[in-house]
Amino acid sequence: MSLTARTVQLLWHMPSAISRRLQTVVEKATRELYQSAPTLFQVGNGPAARCDPSLFKRSAANIWGSGTACLCYCWFQQGHDAVPGEKPSPSSSCLKHHQAILKYLDDIMPAMCIMAAVLRIINPSQFFQCFQLPQRIMASVPVNYRREMLDLLEFWASPFHCMQVIVNRETLNHRDTRGWAFGYDLLATFGRYSNGVLDLPSIGLSCAYNPGTITGLMGKVLIHGVKLVNGERFCFAQFVRPGVFLWAFPDMKEPQPPHLLDIDIRANTVDFEWDRFQGTPRTFTFTPMSVNHEL
């Protein structure tokens, strides 16, 4: 089935998008976060498909421990997004470990900016739509824990309002059923490992998933998963919860399916400006491998 006359971009796969030098910075920051707040990384607390202890590589020798940490500057607690009058708040982990999370966000900011630049290239409309949320929050819309939310926004360099840090876990094949139908989720993988593979069985693909790879995929459309690797691995999974946007913008439409002609890429280079760098232009160069698929 073809959604339009043009080809819909379901997946962008970008090996070596994050330099080895910057990977080392992120690895160090994640190790320090685990050492300062080990209870932040949860095992066995959540849906079995994500948190079953058997999915994690658990060892006292792990550099980055094991578990999943959910970092969201603004969301509804599970099951509360449809309650009239309910106000969003930061995730409980961001409240309980507030200072450690602020330091972590500051440390990983360059990597977050690269991921933001990727979204700016592959789906400009989603990029700008996502950045309306912090603007709405700063305009004094009622939220819980406003001070803590504004603290997080000082260091939050991603257009996505939610990110999971997933450490030493096998991710079973799944679809992300709670996201936008045609919006991208972004994944970035780090660590010291070999044989990393991103499986995409719904389109018959298996992609090398080496450290430094960034992948943009429609997680609600594509079945995807990652098996355990030889070594240690962690990843950033950035996503949205549509209920937060419906709360902030009741008339907002979901992002439209991105097509090849929507890609904002000039000679595979983008100049990405971010306020946290006082407007200093940063240029990131990518040579992405895109996968086209007609729905």
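How many residues does helix α5 have, and how far does α5 reach from its first C-alpha to its last? Select residues 109–122 to find out. Helix α5 has 14 residues and reaches 20 Å, close to the 20 Å expected at 1.5 Å a residue. Keep in mind throughout that this is a predicted model.

**Stop 1: helix α5**

Of its 14 residues, 12 are buried, so the helix is largely enclosed by the rest of the structure. Colour the buried ones, including Met109, Cys113, Leu119 and Ile122. Ala111, Ala116 and Ala117 are also among the buried residues of α5.

**Stop 2: helix α4 and His97**

Now select α4, residues 98–107. Its buried residues are His98, Ile101, Leu102, Tyr104 and Leu105. Look down the axis of α4: these buried residues fall within an arc of 165°, so they line one face of the helix.

Next, pick His97. His97 lies in the loop between α3 (92–96) and α4. Is His97 buried or exposed? With 14% relative accessibility, His97 counts as buried, because the cut-off for buried is under 20%. Leaving aside neighbours within four places in sequence, His97 is in contact with Ala37, Thr39 and Leu40.

**Stop 3: the aromatic rings**

Show every Phe, Tyr and Trp side chain. The whole structure holds 11 aromatic pairs. A pair of aromatic rings is described by the distance of the centres and the angle of the planes.

Zoom in on Trp180 and Phe245. Their rings form a tilted pair, 4.9 Å centre to centre, with 50° between the planes. Trp180 sits in the loop between β4 (171–174) and β5 (185–194), and Phe245 in helix α9 (residues 242–248), so the pair ties together parts that are 65 residues apart in sequence. Trp180 counts as buried at 6% relative accessibility. Phe245 counts as buried at 2%.

Then select Trp64, Tyr104, Phe190, Phe234 and Phe236. Ring pairs link these residues into a cluster. Tyr104 is one of the buried residues of α4 from the previous stop.

**Stop 4: Arg136 over a ring**

Finish with Arg136, found in helix α7 (residues 132–138). Which ring does Arg136 lie over? Arg136 lies over the face of Phe249, at 6.0 Å from the ring centre. From C-alpha to C-alpha, Arg136 and Phe249 are 8.7 Å apart in space, yet 113 residues apart in sequence. Arg136 is partly exposed, with a relative accessible area of 35%. Show its contacts too: leaving aside neighbours within four places in sequence, Arg136 is in contact with Val141, Ala248 and Phe249.

Definitions and conventions:
Residues are numbered from 1 along each chain as its sequence is written. This is a predicted model: local features need pLDDT of at least 70, side-chain atom pairs count only at pLDDT 80 or more; totals for chains, interfaces and linings use all residues. Side-chain values use heavy atoms; hydrogens and water are left out. Rings of Phe, Tyr and Trp (its six-membered ring) pair if their centres lie within 6.5 Å; planes under 30 degrees apart count as stacked, over 60 as edge-to-face and the rest as tilted. Helices (H or I, at least four residues) and strands (E, at least two) are DSSP runs, numbered from the N terminus. Buried means under 20% relative accessible area, exposed over 50%, partly exposed in between (1.4 Å probe, protein chains only). A charge sits over a ring if NZ of Lys or CZ of Arg is within 6 Å of the ring centre and within 35 degrees of the ring normal. The expected span of a helix is 1.5 Å times one less than its number of residues. Contact means heavy atoms within 4.5 Å. The arc is that of the directions from the helix axis to the C-beta atoms.
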